[in-house]
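User: Hi! Could you walk me through this one while I have it open?

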Amino acid sequence: MDKKNTDIFIKKRETLIGQFLSGDEPEFLEKHAFVLDEYFFTVFEKSITARKMTMAGTPFAIIALGGYGRKEHCIHSDIDLLILFEKIVPPEVEAFLQELLYPLWDGRFEVGYAVRNINECLEMAFERFDILTTILDARFICGASLIYTGFMEKFRSDLAAKHLKHTLNYLYEHGEKRHFDFGDSTYLIAPDLKSGFGGLRDYHTLLWYAKIKSGIKTRRDLEYYGFLSHLEYLSLTESLTDIWKIRNFLHSITKRKCDTLYFEYQTELAGLLGYRFKNRQPDVERFLGDLHKRLDFLKQINQIAFEDILGTTRIGKGTIEFRPTKIDGLVIKKRRLHFSNTVAVLQKPDLLLKIFLESGLRKIPLSIEARRIVSEFLHLVDDEIKNNLAFIKIFKKIMSLSYWEFNVLNVMLATGILEKLIPEFSALVNKIQYNHYHLFPVDKHSIRCVQIINSFKDHSGSATKSLYYSVFNEVRNKNILFFTALLHDIGKSDPAKEHSKTGAKIAKPIFERFGFNSTEVKDAVFLIENHLILIKTATRRDISDEETAVYMAHKIGKIRLLRMLYLLTVADSQATGPKAWNEWTENLLKDLFLKTMGIFKKGELASKKSQRLIDKRKKNVIRLLKEKWREDEINTQLESMPKRYLVHVPAQSIAGHIKLYRNLKGKDFIWQISKENNSDIRTVSICGKDKPGFYSKIAGVFFLNNLDIIASQAYSFGEEHVMDIFKVKPPKDRIFEKEKWEKAQEDLVHAINDDHFLDNALDKIPQEIQVSSGKNPKPNTVRIDNEISSFFTIIEVFTYDFPGLLFSITNSLYRSHTNVNVAMVATKVDQVVDVFYVKSLANDAKIESEQELALIKKAILESLPHITAKEMNNEKS
Amino acid sequence: MKKVEAIIKPFKLDDVKEALSEIGIYGMTVTEVNGYGRQKGHKEIYRGAEYVVDFVPKIKVEIVVSDERLDEAVETIRNAANSGKIGDGKIFISPVEQVIRVRTGETGTEAL
């Protein structure tokens, strides 16, 4: 072993790496291979064992394989060697290997080697394809060159004669498997620079194919032999240079052979590669954007290779040709769409778009040549053709044909025609958002969104999928949905914070250009501006609160917009990545959507009319109170009130209630009795803490004090209070009215503190009542509606008026462990329809159990008196 | 040292995070979890089809604090997560034997 030689080699290599890392060595890969070659050459030249073997008639060749063979091996890549003998492998080779390899191993180099004779080597190459591909890249370093050339000749002739089809088949299948195992590098947060789809292996595959097919020697030959066009070759060289550089730096900072660009190294690498913060875009995002462009190009290289392999050999992939296309100017050859000739394109530029439509409809990919033609003839897509309605229609149709397995939009993006149609989209291309949340560049994310919207056409799978399907089918204007999906993030071109707002502004003229009418443009602008509102509300607001859904319904305003917004939100979140979309978020979003939909369908709170009414009331309340309180104070108070209350209660009363509430100050309740003009009725407004049974207790106390309730409403008031309004007939004895009210107030205090205080009052409720209306009085009826509201169980009671009626019903509700949140009680002559919005006391939600509902119904019916008709003679008398 | 695990309503996360950072607790693990508790799931009806939400989405916040800071931390979480309604969640407290910071090897409360 020659330590000096090894030291020289290590030193030279370190100097070279140092020069490369400081940016002074553009030819690093070539020189790196040369330094290694030099080491092997020197060891071979000085080795006595080597000389002995040659003298003894067993000469050998030292051959570089794989990446080292291609002179493309990076700082910590493996060094693969083949020591090749013609026939006999002498035992002395062991000693030689010690001289050759031990110093490298001691220096912690990853060296792989094989010692074989020619026949062994050929046998293994055709048995194991990983060996075969390394031999395709074999390069002679030193020793007996004749052995090397002899072997390579034999290898090539055997390959062409016996193993061609098999080998190509392997290349194809191995490529597919690799893409499956490593994923699409342009869609991964930590792309694999070597093995992923878009990684270096895609270039190797084309190179190997060209070596197998035409025996090319170097990368340069790819153009000379017509595998790539001149421009493609230039782009390939640029892409490889960049990716190799990144890979070398990655090896350098990880101090090992690391080909996965992990998230945590990305910022450091961007700095090392000289990226700087520019145009408000962080260096790392600019670095990743450039990288994605390169990876994207390698993906195209892969498609070229795959297509050529398929074209050369009809392997496994189904040999049936498609039926011919009906589009004049297009042809199908070798399972790919082609333009019949370039003249056709010049004459009919709309073919540039029609080819994508046909591709989407028939699921036939464009040939590489067709892609080249689209890219090179983009100038034909001028303003005149872009404004042509028929042309626009084709584009709209293409949008609905973009699927995951077969995505026409991605091909349109790769050829540049998508940007030609929507120049604003260029700003999104390869735009990276550097975080764990956003997995894809904005352009890919947007296209994925369109894809996902298309996937809603399929309803198989989970129940939620069938919901998307059903909502999607209800969307009348699907073009709006597709276009907003594609353009919802268009505002990200400007790294300002509020991309939704910016996006809406940028998108408006695009929609107008594409011939959408003013309502459609308005819808689209709304959807883009608010595309985050549903997901934000679902994850950050209390969706079990009716007010959240009511707020949402008001904000969105129209059912058709809610439907589109929901689907857009689902697609957007799914297309963002697993951090943004999982079962958890899916459920929250679904819940909010269904609840908001419920508010719309019920109409009571979400209609334009009710919104106008609320706005008017709010203004009036402010006007009434502004002398006493600041406007923002009143506004805050009004915001905390349920919409239902604002719809049903007049401004004058609301102002009174706010005053009442302000005087509550820690007491259990406070009430105010007012006399209505020209009538004998008293209105009692009671503000109190929201305690179970409160409403029932008031009704009981009034009954106990012979105060006859004519009508009543109950509302929640802010987070923790209630506002109950009763219309009551005053006590018969007017002289002591004040005292009577005071007594009632005292009773209510007792009732609140003692749950059984009102038990005696229950006994006074009549067992039977006689009614005179008609011959056959209607029986007591309790109807339960559990569908109309997502938040409450709605109970309607139909009966005849009697003293203690409201107490009787609400007491049953309270004893059945429900809380009355809203009540609307009114008497018409003697017929009564009372409506209660109740929630279970156990979970503060509507009552889902059928059994419980039946029990509640039974309890109410049992509390009501038996109804009988007054006898006719009685009536006459 | 004690580990405090709080299961809270999703929309209360920001409040809890903020309240904890106000008392100087910044590090926490947050997980999206599904609850199957007293607060049952529910069903919604759309176009005649039933959609069941059979679990309740919740957030789990985990922190580890020194024994002295336990009461303060628990009280802070409780106040921030409280809406006075059913389903506000639960807080679990358990002893922690040891904490080691991977980078420096520091142990005990120093590693918190």
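User: What radius of gyration does chain B have, against that of a compact globule of 112 residues?
Analyst: Chain B has 17 Å, whereas a compact globule of 112 residues would come out near 13 Å. The radius is taken over C-alpha atoms, and the globule rule is 2.2 Å times the number of residues to the power 0.38. Along its principal axes the C-alpha trace of chain B spans about 60 × 30 × 20 Å.

User: Thanks! Anything to know about the model and the numbering?
Analyst: This is a predicted model: local features need pLDDT of at least 70, side-chain atom pairs count only at pLDDT 80 or more, and totals for chains, interfaces and linings use all residues. Residues are numbered from 1 along each chain as its sequence is written, with chains lettered from A and ligands numbered from 1 in the order in which they are written.

User: OK, which elements does chain B have, and in what order?
Analyst: There are two helices and six strands in chain B, running β-α-β-β-β-β-α-β from the N terminus on. Helices (H or I, at least four residues) and strands (E, at least two) are DSSP runs, numbered from the N terminus.

User: How do the strands line up in the open sheet?
Analyst: Four strands of chain B form an open sheet in the order 2-5-1-6, with antiparallel pairing; two strands pair if DSSP finds at least two bridges between them. Strand 2 and strand 6 (90-95) of chain B are at the edges with a single partner strand each, so one side of each has no neighbour in the sheet. The twist averages 25 degrees from one strand to the next; angles run from 0 to 180 degrees between N-to-C directions, with axes fitted to C-alpha atoms, for helices over the stretch in contact.

User: And how many bridges between strand 1 and strand 5 of chain B?
Analyst: Seven, joining residues 2-8 and residues 56-65 of chain B in the antiparallel sense. In that pairing, K3(B) stands opposite V64(B).

User: Switching topic: how many residues of chain B are in contact with chain A?
Analyst: 23 residues of chain B are in contact with 21 residues of chain A, where contact puts the C-beta atoms, placed from the backbone, within 7 Å. Strand 2 (29-35), strand 3 (42-46) and strand 4 (49-53) of chain B each give two or more residues to that side of chain B. Strand 3 of chain B gives the most, with five residues.

User: Last one: at what angle do helix 6 and helix 8 of chain A pack?
Analyst: They pack at about 35 degrees, with their axes 11 Å apart.

Note on methods: Two residues are in contact if their C-beta atoms, placed from the backbone, lie within 7 Å.
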